Amino acid sequence: MSPRKLLPLAALLLATSACQQPANAAQRVVAAPMASVVADEGSGLETAIFAGGCFWTVEAVFSHVEGVRSAVSGYHGGTKRQASYNLVSSGITDHVEAVKVVYDPEVIRYDQLLRVFFSVIADPTLKDRQGPDRGPHYNAELVPLTAEQRRVASAYLAQMKRSGKWDAPIVTPVAQARTFYPAEATHQDFALRNPRHPYVLRWDVPKLAALKRLYPGVYRAEFKPG
């Protein structure tokens with residue numbers, strides 16, 4: 001799918017709810033450093049949560065990464081009663097849009113997922129926004145679910161701050177794990193089921209191209225459904 005195959009401009013002028021804001025300037029891709037602290041996770045599947053703006057994009061990229069077994073869009077934090085697309089996208093809840101990633105550390109480690117995340121998916125210098133989306137529910141956050149993930153995440157953020165690769169301060173936090181609520185079925189495998197959606201074409205397709213270009217060894221051509 002080429003990013004030039006955009007629908008007419010009128011189709012881009014969607015409602016300003018979650019994942020549907022008009023396109024702004026493209027987000028800069030940064031080749032994040034290779035982690036100096038390597039995750040020691042042993043065998044067996046692991047799970048981590050990543051918040052990085054619109055969950056359509058986070059899910060789309062991780063679903064094309066070798067070793068990722070599933071990527072499920074949802075809402076992290078807040079309450080179960082308010083864990084709905086309409087409420088979360090209004091910005092009145094305490095949730096962030098997030099994706100729960102199940103991966104095989106014998107194929108791809110947590111530190112490697114972090115590198116993909118900050119190279120392709122999320123700009124770590126932005127608070128309460130990513131790409132065209134604005135609001136606290138779009139804040140980028142790392143949500144480790146194990147002590148090892150927390151150790152590696154903290155070390156990697158410190159390494160990123162020292163690297164000088166970003167022009168502004170790194171503000172992405174390591175968040176405390178709270179309840180993750182899967183999003184509605186219409187938001188699962190969104191890029192796979194809606195390949196010509198204007199948001200997917202404008203934001204997700206270029207990120208997938210960047211993933212393939214920067215990390216061809218972990219790029220998977222097929223979308224792994226969650």
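This is a predicted model: local features need pLDDT of at least 70, side-chain atom pairs count only at pLDDT 80 or more; totals for chains, interfaces and linings use all residues.
User: Hi! What does contact mean here, and which residues does Glu59 touch beyond its neighbours within four places in sequence?

Analyst: Contact means heavy atoms within 4.5 Å. Leaving aside those sequence neighbours, Glu59 is in contact with Ala71, Ser73, Val99, His187, Gln188, Asp189, Phe190 and Phe223. Residues are numbered from 1 along each chain as its sequence is written, and side-chain values use heavy atoms, with hydrogens and water left out.

User: Is Glu59 buried or exposed?

Analyst: Buried means under 20% relative accessible area, exposed over 50%, and partly exposed in between (1.4 Å probe, protein chains only). Glu59 is buried, yet it has no salt bridge; that would be a side-chain nitrogen of Lys or Arg within 4 Å of a carboxyl oxygen of Asp or Glu. Arg193, the nearest side chain of opposite charge, is 7.2 Å away. A polar atom of the Glu59 side chain does lie 2.9 Å from the backbone nitrogen of Asp189.

User: How many aromatic pairs does the structure hold?

Analyst: Friendly rule: a pair of aromatic rings is described by the distance of the centres and the angle of the planes. Rings of Phe, Tyr and Trp (its six-membered ring) pair if their centres lie within 6.5 Å; planes under 30 degrees apart count as stacked, over 60 as edge-to-face and the rest as tilted. The structure holds 11 such pairs. The ring centres of Trp56 and Tyr199 are 5.6 Å apart with planes at 85°, so this pair is edge-to-face. Both Trp56 and Tyr199 are buried.

Notes. Lys and Arg count as positive and Asp and Glu as negative; His and the chain ends are not counted. A polar contact is a pair of N or O atoms within 3.5 Å; within protein, one must be able to donate a hydrogen and the other to accept it, and residues adjacent in sequence count only if both atoms are side-chain atoms.
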